[in-house]
Amino acid sequence: MREGRIIKGIGGFYYVISNDEIIECRARGLFREQNLKPLVGDRVKIRMDSDSGTGYVEEILERKSELLRPPVANVDQAIIVLSTRDPEPNLWLVDKMVIMAEEQDLSIVFCINKSDVDFERACDLKAMYEDAGFVSILTSTKSGDGVDLLKEHLKGHTSVFAGASGSGKSSLLNAIDPSLKLQTSQISRKTARGRHTTRHVELLSLGNDSYVLDTPGFSSLSLDFVEKPEDLRDYYREFGKFAADCRFLSCLHDSEPGCGVKEAVSKRLIGEDRYKNYLAILDELRKRRKY
Ligand SMILES: Nc1nc2c(ncn2[C@@H]2O[C@H](COP(=O)(O)OP(=O)(O)O)[C@@H](O)[C@H]2O)c(=O)[nH]1
Ligand SMILES: [Mg+2]
Ligand SMILES: [Zn+2]
């Protein structure tokens, strides 16, 4: 049997890439009985039907992870793309993406795109996420800056590109591999909403066992998986060492006295934007609990 990876599923067919060849496959009936459904991203074993050149998915190899929306298996990295302008980065949404990615145990790389538009702002954003403990790179698809570095980070990974519409996800992927020819959109009020250039879930192969997912990333940014407001602080990796100085172990770094995190914010050791977003999301989680 051959091994391969499902890159796309349409109407009961699975498209499996195996040795640079894409093979149309059906799933074995047994999966249904076992209540298993092959997912895009699954590594699989396939049996070829020599007559038709099509195949059967016989076995699904162990899934290392599973994103729910979009439904993709074995994603191990999130590239969080934000632009310096057009659109203005929404740092509150960015934090939510970070929380989703942390929840899935993904490696996180920040990609501050459109650095040609506002270089100073790009540097500020880069520093902010670096200070918080993330890998952060500056890119521009206009000048080509940072594209090779981004490509380095994709090697050997299956990466989901997350970020606001218009931040440049598809353009970045085209810059990395022009043969992808992904559709990119001009930003205008008319197209800002309701236009999705990528509808179905598809893994794009960059070769060398590197795959990317060009979707809006986490299409649902619901934080339902954060069970209690008290759990939120654990998703802010830069709080950790300062929280050791909080007077109360239960400190939520909000209005408690003797809070090490707040003190770190006042000393600019923790980014103010990150902290503000934390409070806003905390508030949201607290309100949710009342229903
Ligand atoms: N100035 C500038 N414009 C960019 C850059 N990257 C993308 N764009 C433009 O931003 C718009 C949206 O890009 P697109 O790749 O479709 O964004 P997506 O919605 O995140 O996939 C397009 O008009 C691109 O030409 C960049 O680095 N600099
Ligand atoms: Mg796009
Ligand atoms: Zn505290």
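This is a predicted model: local features need pLDDT of at least 70, side-chain atom pairs count only at pLDDT 80 or more; totals for chains, interfaces and linings use all residues.
Biologist: Let me start with the ligand. How many residues surround ligand 1, and which are the closest?

Modeller: Start any site with its shell of neighbours. Here 18 residues surround ligand 1. The closest are Asp116, Thr141, Gly166, Lys169 and Ser171.

Biologist: What is the make-up of that shell by class?

Modeller: The shell around ligand 1 has 12 polar residues, four charged and two nonpolar.

Biologist: Which element gives the largest share of the shell around ligand 1?

Modeller: Helix α5, residues 169-176, with three residues.

Biologist: Which polar atoms lie by the oxygen atoms of ligand 1?

Modeller: Keep side chain and backbone apart when you read such pairs. Lys169 uses its side chain: a polar atom there lies 2.8 Å from an oxygen atom of ligand 1. Ser170 brings a polar backbone atom, 3.0 Å from a ligand oxygen. For Ser185 a polar backbone atom is again involved, at 2.9 Å from an oxygen of ligand 1.

Biologist: How much of the accessible area of ligand 1 does the protein cover?

Modeller: On its own, ligand 1 has 580 Å² of accessible area, and the protein covers 88% of that.

Biologist: What does Ser140 touch?

Modeller: Beyond its neighbours within four places in sequence, Ser140 contacts Asn113, Lys114, Ser115, Asp116, Asp145 and Val147. As for polar atoms, one in the Ser140 side chain lies 3.1 Å from the backbone nitrogen of Lys142.

Biologist: Where is Asp118, and which side chain does the side chain of Asp118 meet in a polar contact?

Modeller: Asp118 belongs to the loop between β9 (107-113) and α3 (119-131). Its side chain makes a polar contact with that of Arg85, at 3.5 Å. Setting aside residues up to four places away in sequence, Asp118 touches Thr84 and Arg85.

Biologist: And Glu21? Which element holds Glu21, and what does Glu21 contact?

Modeller: Glu21 lies in strand β3, residues 21-27. Leaving out neighbours within four places in sequence, Glu21 is in contact with Arg2 and Val16. With Arg2 there is a polar contact between side chains, at 3.1 Å. Glu21 counts as partly exposed because its relative accessibility is 39%.

Biologist: How far apart are Glu21 and Glu130?

Modeller: Read sequence and space separately. Glu21 and Glu130 are 109 residues apart in sequence, and their C-alpha atoms are 39 Å apart. Take Phe239 and Asp95 as another pair: 144 residues apart in sequence, 14 Å apart from C-alpha to C-alpha.

Biologist: Where is Phe239, and is Phe239 buried or exposed?

Modeller: Phe239 is in the loop between β13 (210-213) and α7 (240-243). Its relative accessible area is 1%, so Phe239 is buried. Apart from neighbours within four places in sequence, its contacts are Arg233, His253, Val261, Ile270, Tyr275 and Tyr278.

Biologist: On to the backbone. Which residues does a cis peptide bond join?

Modeller: Look at omega. Asp86 and Pro87 are joined by a cis peptide bond, with omega about 0°. Pro87 is in the loop between β8 (77-83) and α2 (91-103).

Biologist: What is phi of Asp20, and what is phi of Asp105?

Modeller: Phi is near 65° for Asp20 and near 60° for Asp105. Asp20 is in the loop between β2 (13-18) and β3; Asp105 is in the loop between α2 and β9. Asp20 is exposed at 76% relative accessible area, and Asp105 is exposed at 68%.

Technical notes
Residues are numbered from 1 along each chain as its sequence is written. Chains are lettered from A and ligands numbered from 1 in the order in which they are written. Side-chain values use heavy atoms; hydrogens and water are left out. A residue is near a molecule or strand if one of its heavy atoms lies within 4 Å of it. A polar contact is a pair of N or O atoms within 3.5 Å; within protein, one must be able to donate a hydrogen and the other to accept it, and residues adjacent in sequence count only if both atoms are side-chain atoms. Accessible areas come from the Shrake-Rupley method with a 1.4 Å probe; for residues, only the protein chains shown count as cover. Helices (H or I, at least four residues) and strands (E, at least two) are DSSP runs, numbered from the N terminus. Ala, Val, Leu, Ile, Met, Phe, Trp, Tyr, Cys and Pro count as nonpolar, Asp, Glu, Lys and Arg as charged, and the others, Gly among them, as polar. Contact means heavy atoms within 4.5 Å. Buried means under 20% relative accessible area, exposed over 50%, partly exposed in between (1.4 Å probe, protein chains only).
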